[in-house]
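This briefing goes through one structure by topic, beginning with a single loop residue and ending with the overall dimensions of the chain. Please keep the sequence and the structure in view while reading.

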Amino acid sequence: MSESLVSTSAVSKRYGDVVALDRVDLAVPQGSVYGLIGPNGAGKTTMLGILAGLRKATAGSVEVETASVGVLPDTPQFDRWLTGREVVDLSRCLVDDARPESKVDEVLEVAGLTADAHRQVRGYSRGMLQRLGLASVVVNEPDLLLLDEPAAALDPGGRREVLDLISALRGTSTVLFSSHILDDVQEVCDEIGILTRGEMGYQGSLDGLLSRYVGTRYLVRIRHGHDDIIRVLEAEQWVKSVSIGTNRDIAIEITSQSEAERRLVGLLARSELPVVSVVPDRTSLEQVFLEVTR
Amino acid sequence: MSLWKLERLRLWRTQRLWILLAVFGSIGVLGPLTVRFLPELMESLGEEAVGTLPPMTAVDGVTQYIGNAVQIGVLAVAFVGAAAIAFDAKPEIAVFLRTRASVRDILIPRFATVAAAVVAMFSVGMAVAYVGTGLLLEWLDVGGVVIGTLLFSMYLVFVVAVIGLVASLVRRVPAVALLSVGGLIVFALVGIVGPIAPWLPSELIGATDHLVRGGDFEFWRSVSVTVVLTIALLAVSIRRLEVREL
């Protein structure tokens with residue numbers, strides 16, 4: 001794994017008696033797109049606030065190996081009487097006014113806001129504000145982007161645009177974004193952390209997490225003879241349980257992955273039943289998420 | 001686009017400059033008008049009311065303006081100032097600013113721009129009141145009016161600094177405005193009950209009246225305290241805002 005650009009050690013945050021974060025160890029590899037996921041109230045925004053320096057941890061340590069950090073809140077707002085271009089230009093000037101002004105127009109173009117750049121922000125839609133917020137972060141080419149729910153509450157089109165913008169940052173910046181939209185995380189993230197009730201339930205690669213759960217179940221589809229095959233399967237020691245799903249697929253819970261791989265297909269062939277398909281059950285991030293946060 | 005330009009645009013595009021001009025300009029017009037026509041107004045209410053009035057002088061034209069500026073003007077300053085200075089009122093806007101600039105760099109342009117606008121609009125109102133008084137009643141000593149304007153302007157800058165302090169204690173704009181006004185009233189009341197009045201910023205409120213009537217300049221103590229307090233309030237505001245979490 002690459003070196004971490006952001007790391008925390010046993011970070012805790014309390015608001016009175018409420019524990020928002022409880023000894024969280026976070027490690028965000030340099031150059032990765034890291035998804036911090038968790039249900040509402042899990043502590044995602046608190047964690048981002050601490051990493052951005054906007055909140056202080058009650059205990060633990062935080063190391064951010066760069067001073068070049070861009071932060072986008074979940075519902076970006078700006079002074080309503082500024083134009084979109086003025087917002088991005090203000091961002092540029094506050095961070096580094098030596099950066100060429102042409103960069104402002106470049107990022108507005110990428111964000112799809114060129115046509116509205118000279119309109120006051122008061123007339124912008126929620127999706128446009130989100131893209132403007134992202135443009136005002138990206139204009140400074142920060143090493144690290146902290147994005148809080150960047151695609152939440154956007155319509156499908158707006159969500160697509162924001163995800164594409166995040167994907168485009170891969171390789172040039174390290175992105176840490178929080179979300180409870182698991183499809184978004186599955187689409188753009190290399191690494192994930194699952195926060196639940198202020199604790200880190202899992203941290204690592206997305207593939208690693210999914211592979212933990214893949215293979216515990218197989219789905220078999222046959223034309224007929226369900227009862228016969230169920231009887232045969234239930235007699236096998238490596239089969240934990242067999243059930244028929246709503247679409248008549250046979251779901252086989254297994255105890256041994258290797259045994260299933262060696263014996264399942266042969267067993268079906270010997271039964272001479274008309275087999276349509278045999279597939280390992282596709283584990284979605286949603287299923288895993290529910291498992292981890294249970 | 002610098003933070004200084006941002007504040008100039010804020011005054012212009014939010015119409016707040018015009019609100020200040022309207023407030024101070026209108027009370028500048030009303031001050032001398034009230035004094036000139038008060039006897040006629042009271043007479044329309046009945047003979048007895050006129051008998052209870054002290055005789056009006058030209059100085060009252062300017063004094064009336066100051067009196068209204070302390071009440072209506074300061075209330076307007078409190079809301080205009082709070083709207084600009086309470087930048088933590090909207091956390092999302094605060095995140096934009098605070099992750100790109102220091103609190104000091106954010107606060108000082110806001111404080112200075114609001115203070116400059118308030119002083120400028122107060123001075124315009126004073127000029128209107130002075131000319132109105134001259135045309136309707138009698139021309140006053142311009143030296144006393146100018147020095148009085150400077151001293152009251154110092155008080156207004158202090159008012160803006162008080163708004164800054166309150167904005168570091170609470171976040172919402174109406175709360176900042178009303179608590180600032182409340183704080184100024186308490187400050188003024190303190191002056192009534194003790195011998196410390198000559199040291200208080202509120203002493204500067206009556207400076208114009210005193211000077212135009214030919215009184216000696218005796219405001220060094222309140223000037224010194226006002227300057228020191230203004231700087232101290234700003235420093236405390238910056239410190240408090242720096243440690244405030246979003």
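In this predicted model, Glu149(A) is found in the loop between strand 6 (144-148) and helix 5 (156-169) of chain A. Its backbone has a positive phi of about 45°, although Glu149(A) is not a glycine. Glu149(A) counts as buried because 21 C-beta neighbours lie inside 10 Å, where the cut-off for a buried residue is 20 or more.

- Ala10(A) is found in strand 1 (residues 4-15) of chain A, whereas Glu149(A) is found in a loop.
- Ala10(A) counts as partly exposed because it has 13 C-beta neighbours inside 10 Å, a value between the limits of 12 or fewer for exposed and 20 or more for buried.

**A four-stranded antiparallel sheet**

- Four strands of chain A form an open sheet in the order 11-12-10-13, and their pairing is antiparallel.
- The edges of this sheet are strand 11 (239-244) and strand 13 (275-280) of chain A, each of which pairs on one side only.
- From one strand to the next, the twist averages 20°.
- Strand 10 (residues 217-222) of chain A pairs with strand 13 of chain A in the antiparallel sense over five bridges, and Ile222(A) stands opposite Val275(A) in strand 13 of chain A.

**Helices across the strands**

- Helix 8 (residues 226-234) of chain A lies across strand 10, strand 11 and strand 12 (250-254) of chain A, and runs at about 165° to strand 11 of chain A.
- Helix 9 (residues 257-271) of chain A lies across strand 10, strand 12 and strand 13 of chain A, with an angle of about 175° to strand 13 of chain A.

**The chain as a whole**

- Chain A has ten helices and 13 strands, and 40% of its 294 residues count as buried.
- The radius of gyration of chain A is 24 Å, whereas a compact globule of 294 residues would have one near 19 Å.
- Taken along the principal axes, the C-alpha atoms of chain A fill a box of roughly 75 × 45 × 35 Å.
- Of the contacts in chain A between residues at least 6 apart in sequence, 71% join residues at least 24 apart.

Technical notes: Residues numbered from 1 in each chain as written. Chains lettered and ligands numbered in written order. Predicted model: local features only at pLDDT ≥ 70, side-chain atom pairs only at ≥ 80, totals over all residues. Helix = DSSP H or I, 4+ residues; strand = E, 2+ residues; numbered from the N terminus. Rg over C-alpha atoms; globule rule 2.2 N^0.38 Å. Contact = placed C-beta atoms within 7 Å. Pairing = 2+ DSSP bridges. Axes fitted to C-alpha atoms, helices over the stretch in contact; angles between N-to-C directions.
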